[in-house]
Amino acid sequence: MRKKSLTLFSDGTLTRRENTLYFENAQGKRPLAVEGIYDIYIYGHVNISSQALHFLAQKGIAVHFFNHYGHYDGSFYPKESLHSGDLVIKQAEHYLNKEKRLKLARLFVVGSARNMERNLKRWKINASFNDLLEELEDGDRVTEIMNVEARIRQEYYALWDETLPDGFKIVKRTRRPPQNEMNALISFLNSRLYATIVSELYNTQLTPTVSYLHEPSERRFSLALDLSEIFKPIIADRIANRLVKQGIIKKEHFREELNGVLLNDEGKKIVLKALNEEMQKSVKHPKLKRNVTKQRLIRLEAYKLIKHLIGVKEYEPLAAWF
C-alpha cells in the first residue's frame with residue numbers, strides 16, 4: 001500500500017481506540033487507516049488525545065500544524081529511529097568548517113537559480129543569472145551568499161511578473177502578512193512544501209536542525225529551509241503559476257485580514273488538492289532510469305546530501321529536467 005499524506009481541515013478530535021485512529025467532527029466519526037498514512041497536516045482546530053499521539057509516534061508519523069491563517073506553526077516530530085551518530089558528527093563538521101559550509105551554501109543557491117531559469121524558459125522568457133552566480137565565489141560569509149540569493153530571486157520575480165495576469169502580479173515579495181493575492185498564494189505553498197520536506201528528512205538519517213545556507217535555530221528545522229530553495233521554484237512556483245493562469249484560483253478565493261491578503265478556506269482546499277496531485281506525479285529519473293514521484297525527489301536530494309557529507313560523492317543540486 002502506497003502511503004499518502006492526510007490533511008484535516010474541519011474542526012474535530014483525533015483519538016485512538018485500540019489499534020485504530022478516529023477523527024470525529026460535526027459530520028460524524030470515521031476511522032483512519034493508519035497503515036496508509038505517511039504524514040498528517042492539520043489546518044483546523046483539532047484536538048489530539050495523548051493516546052493518539054503515542055500511536056502516531058509508534059508508527060513514525062509526523063504531524064504538521066498550521067494556524068488559522070495557513071502559516072506553519074510547528075510539527076509533532078516522532079522520536080528519530082534512523083539517526084546515525086557518525087552522520088551527526090559529519091553534519092556538524094560541515095557546519096563548523098567555514099569552507100565546507102560555504103561550499104554547500106553556494107550549491108543550494110546555484111540549484112535554486114538554475115531551477116528558476118528553467119521556469120522562466122517554460123514561461124517563454126530567456127534569462128540567465130550567471131553574472132550574479134559568479135559573485136558567489138567572492139563571498140566568504142554566508143550572509144553574502146544569502147544576499148546574492150535574494151537578488152536573484154528579486155530579479156526572477158520581476159521577470160515572472162511580466163507573464164502573470166493583471167490582478168495577480170507579485171509586485172514585491174511580501175510575507176506575514178502577504179500584501180496581495182499572488183504573495184499569499186506563494187507563501188501558502190511554500191509553507192506546506194517546507195512541512196513536506198520536514199517529513200522527508202524525518203525518514204532519513206539527517207539531523208534537520210543542522211543547516212548550511214540558513215542559520216540553525218532552536219525553533220525551526222533549518223535544513224528543510226536549505227532544501228526548500230531547490231524545490232520552491234519547481235513545485236510551489238509552478239503550481240501557483242498554473243492555478244492563476246488557468247483561472248483555477250480567482251480573486252474570490254482570498255480574503256483581507258491581518259492588514260494583508262490570505263487564502264480563504266475554499267482557496268486553501270483548491271491549492272492543496274493541486275499540490276497533492278503534483279507531488280504524486282511521476283517523472284522519469286535520468287540517472288535511476290525509472291519513474292519516481294516528485295515528492296520522492298526530495299528524499300533523493302537528501303540522500304545526495306548524505307553522500308556528500310560522508311565523502312562518497314560530491315553534492316550536485318537537482319536541476320529540473322522536467
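**View 1. Salt bridges of the predicted model.** The count of salt bridges comes to 17, where a salt bridge is a side-chain nitrogen of Lys or Arg within 4 Å of a carboxyl oxygen of Asp or Glu. The model is predicted, so local features need pLDDT of at least 70 and side-chain atom pairs count only at pLDDT 80 or more, whereas totals for chains, interfaces and linings use all residues. Residues are numbered from 1 along each chain as its sequence is written, and side-chain values use heavy atoms, with hydrogens and water left out.

**View 2. The salt bridge between E215 and R101.** The two side chains meet with an N to O distance of 3.0 Å. E215 belongs to the loop between α6 (181-202) and α7 (222-245), and R101 to helix α3 (residues 98-122); the pair, 114 residues apart, links distant parts of the chain. Helices (H or I, at least four residues) and strands (E, at least two) are DSSP runs, numbered from the N terminus. R101 is buried, at a relative accessible area of 9%, while E215 is partly exposed, at 39%. Buried means under 20% relative accessible area, exposed over 50%, and partly exposed in between (1.4 Å probe, protein chains only).

**View 3. The salt bridge between R151 and E135.** The closest N and O atoms of R151 and E135 are 2.8 Å apart. Because R151 lies in helix α5 (residues 142-161) and E135 in the loop between α4 (130-134) and α5, the pair ties together parts that are 16 residues apart in sequence. R151 is partly exposed, with a relative accessible area of 33%, and E135 is also partly exposed, at 30%.

**View 4. The salt bridge between E181 and K251.** Here the closest N and O atoms are 3.2 Å apart. E181 lies in helix α6 and K251 in the loop between α7 and β9 (254-257), so parts that are 70 residues apart in sequence are tied together. E181 counts as buried at 15% relative accessibility, whereas K251 counts as partly exposed at 43%.

**View 5. A network of salt bridges.** The residues linked in this network are E149, R153, E229 and K232.

**View 6. The open sheet of four strands.** The strand order is β1-β5-β7-β8, with mixed pairing; two strands pair if DSSP finds at least two bridges between them. The edge strands β1 (4-8) and β8 (72-76) each have a single partner strand, so one side of each is left without a neighbour in the sheet. Strands β5 (residues 37-42) and β7 (residues 62-66) pair in the parallel sense over four bridges. I42 has F65 in β7 as its bridge partner.
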